[in-house]
Amino acid sequence: MTDFKVDLSSLRRQPKPASEQAIAKADAAGEAHGFVDRAPRGRPGRKKSDRTGQVHAKVLPHVSEEIANEATRRGVVQGVIIEEAWEFYKSSKL
Amino acid sequence: MPVVVIASSKGGAGKSTTAIVLGTELAHKGVPVTMLDCDPNHSLSIWAGKGRLPAGIRALSDVTESSIVKTIKQYDADGGVVIVDLEGVASRMVSRAISQADLVLIPMRATILDATIGAQSLQLIAEEEEAIDRKIAHAVVFTMTRAIRSKQQTGIEASLREGGIEIIAPPLMERAAFSALFEYGGDLHTMENKQGNQAAAIENAEAFAMAVYKRLTEALQ
């Protein structure tokens, strides 16, 4: 066993520069030695869609073509058009 | 709390073991210790999750590059010690942590490879001192050493001393009890399953922690 005693009053906080400028300087010093940003980027690719339900509908060819064209024009999936049509149907029945 | 940063961009150098031995021995002597786990491998958190966390120790995990400065600042107050266990890669998180350190410990095994990679951290500290215009106390810690000193260790020590680099004495020896901390958690004093020469491991850990404490208090003056 060692005669190891500590004096908590000797453990005093020292001011250290932590401004954005100071951190940027530390970053730059690190980058010069290869200490670069390695923070994880998250999962690559498109976020998984919430649209997991599916309808099994056969429609006339010109209807399917119009739905596809409208979805393409608006930059949405065809499911969005179906959802809107369904909302319209429900509200028209009220 | 004064901040001790454990840094080496080489994996397996003994960073987490150094952090835990230092933290548990300081806490055993009554020092409040906050330990920050900044390693994606979560070595420190694995230890913290086993057994009961020793009194006086708070362990925080998932500290990231964007949160490290803020987290250190949050716990940097009088009367305790913050120990930062970094990841074993050259990353921006390392340079940010070093910028907030009162003392940087660079663990290395007594091998040429560890010494070569450890030298990167020494260069980084020198560069940061210049960039932020602040002296950053630092010292090398030899880890996993054997009772019979190797020629490599003697040579590396001489080379470091020639370069004006401080070396913490004693080194942390290769002890079964140190490895067992990750199996049983807690500290060396309360470990129920004694490992190898437990008394010698405790003596080594205490002497090491005392040396670091002395170096830290010198740096704070």
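Just after helix 7 of chain B, G185(B) takes a positive phi of about 70°. The model is predicted.

Q: Which residues of helix 7 of chain B are buried?
A: In helix 7 (residues 176-184), they are A177(B), F178(B) and L181(B).

Q: What makes the buried residues of helix 7 of chain B line one face?
A: Seen down the helix axis, they fall within an arc of 105°, so they line one face of the helix.

Q: What covers the buried residues of helix 7 of chain B?
A: The cover includes helix 1 (15-28), helix 2, strand 7 and helix 8 (198-220) of chain B.

Q: Why is M144(B) called buried?
A: The cut-off is 20 or more other C-beta atoms within 10 Å. M144(B) has 21, so it is buried. This residue sits in strand 6 (residues 137-145) of chain B. M144(B) also has a positive phi of about 55°, although it is not a glycine.

Q: Why is H42(B) called partly exposed?
A: Buried needs 20 or more other C-beta atoms within 10 Å, and exposed needs 12 or fewer. H42(B) has 16, so it is partly exposed. Its phi is positive too, about 55°, and H42(B) is not a glycine. H42(B) is found in the loop between strand 2 (33-37) and helix 2 (43-49) of chain B.

Q: What is the omega of the peptide bond from A169(B) to P170(B), and is the bond cis or trans?
A: Omega is near 10°, and the bond is cis. P170(B) lies in the loop between helix 6 (151-162) and strand 7 (172-173) of chain B.

Definitions and conventions
Residues numbered from 1 in each chain as written. Chains lettered and ligands numbered in written order. Predicted model: local features only at pLDDT ≥ 70, side-chain atom pairs only at ≥ 80, totals over all residues. Helix = DSSP H or I, 4+ residues; strand = E, 2+ residues; numbered from the N terminus. Arc of directions from axis to C-beta. Contact = placed C-beta atoms within 7 Å.
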